[in-house]
Each structure stands twice: as C-alpha cells, then as structure tokens.
Amino acid sequence: MRLENNRQGAFTLVEIMIVVAIVGLLAGIAVPTYVLARAQSQEKVCVNNLRQLDGAKDEAALENGLGTGDDPAALVDAYIKGGVPVCPVGDTAYTLNTVGTPPACGSSEAVRHNTAFLN
C-alpha cells in the first residue's frame, strides 16, 4: 500500500517572517536616505532660484537705471521666464528686496540656506 502525501509546496510561517524582516530592514535603510536626498535637492533648487532672482534683479536694475535701495519688483518678471518662482522647501514666495540686497526665502527651513550662494 502506498501512502499519499497531501502536503503542497508552500512557505512556512518562519520563512514568511524572515522575508518580512528583511524587507523591513531594507525599508528602514532606504527611507531615511530618500528623505535626506529629497531635502538636499529642494535646498539646492531654492538656492538656484535665489541665484536666478538675484541675477534678474541686477539685470533689471542695470537696464532701467535703478540704484542701490530702489525696488525692482515690478520689473523682475520680464527677466525671469515663467515669473517669480515659488520656494520648493516651504512653498512660499521669495522676497526680492531692494537693489544691493540679496533676495530671501520666507520658508523657515530654507532661511539658513539663503546666503549659501553668496559665500
């Protein structure tokens, strides 16, 4: 007489728990790295936007004869394709300031990075 084996090829609970633990470990490593990379790229975009705003403000002042302390806010839009950008870090508008003063970002997270392009 032959015994029939009813056991099907399936994963045991221990094998499934090991796979879940490995996936959790990999996610625990990958998520903080992703968050850090995203924050760094947003800061770089913010600094680049500030550079472009400063250049557009200086060009507008030069072409329109504005001096130090004059407000070029109404003229800058013509020198930036698409208008004045919005900060990606805090989703706030940039402050152009007057001629001779660098533009600033209103986001509290990006404030410490505003002067990075001047150094």
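Predicted model: local features only at pLDDT ≥ 70, side-chain atom pairs only at ≥ 80, totals over all residues.
## A lysine without a partner

Let's start with Lys-57, which sits in helix 1, the stretch covering residues 13-64. Lys-57 is buried, yet no salt bridge goes with it. The nearest side chain of opposite charge belongs to Asp-54, and that one is 4.2 Å away.

What does Lys-57 touch, once neighbours within four places in sequence are left aside? The contacts are Pro-72, Val-76, Leu-96, Asn-97, Thr-98, Thr-101, Pro-102 and Pro-103.

## The nonpolar core

Two of those names, Val-76 and Leu-96, turn up again in the largest nonpolar core, which has 11 residues. Other members include Cys-46, Leu-50, Ile-80, Tyr-94 and Cys-105. Helix 1 supplies the largest share of this core, with 4 residues. Nonpolar side chains tend to be buried together in soluble globular proteins.

Val-76 ties these pieces together: beyond its neighbours within four places in sequence, Val-76 is in contact with Ala-56, Lys-57 and Leu-96.

## Asn-97 in its loop

Asn-97, another contact of Lys-57, lies in the loop between strand 1 (94-95) and strand 2 (104-105). Its phi is positive, at about 65°, even though Asn-97 isn't a glycine. Asn-97 counts as partly exposed because its relative accessibility is 27%.

## A greasy stretch outside

Back on helix 1, there's Val-14. Val-14 counts as exposed because its relative accessibility is 54%. Together with Ile-18, Ile-22 and Leu-26, Val-14 makes a nonpolar surface patch of about 380 Å².

Conventions. Residues numbered from 1 in each chain as written. Heavy atoms only, no water. Helix = DSSP H or I, 4+ residues; strand = E, 2+ residues; numbered from the N terminus. Buried < 20%, exposed > 50% of the residue type's maximum accessible area, 1.4 Å probe, protein only. Lys, Arg positive; Asp, Glu negative; His and termini not counted. Salt bridge = Lys/Arg side-chain N within 4 Å of Asp/Glu carboxyl O. Contact = heavy atoms within 4.5 Å. Core = buried A, V, L, I, M, F, W, Y, C linked by side-chain atoms within 4.5 Å. Patch = residues over 30% accessible without salt bridge, like charges linked within 9 Å, V, L, I, M, F, W, Y side chains within 5 Å. Areas by Shrake-Rupley, 256 points an atom, 1.4 Å probe, with all protein chains shown as cover.
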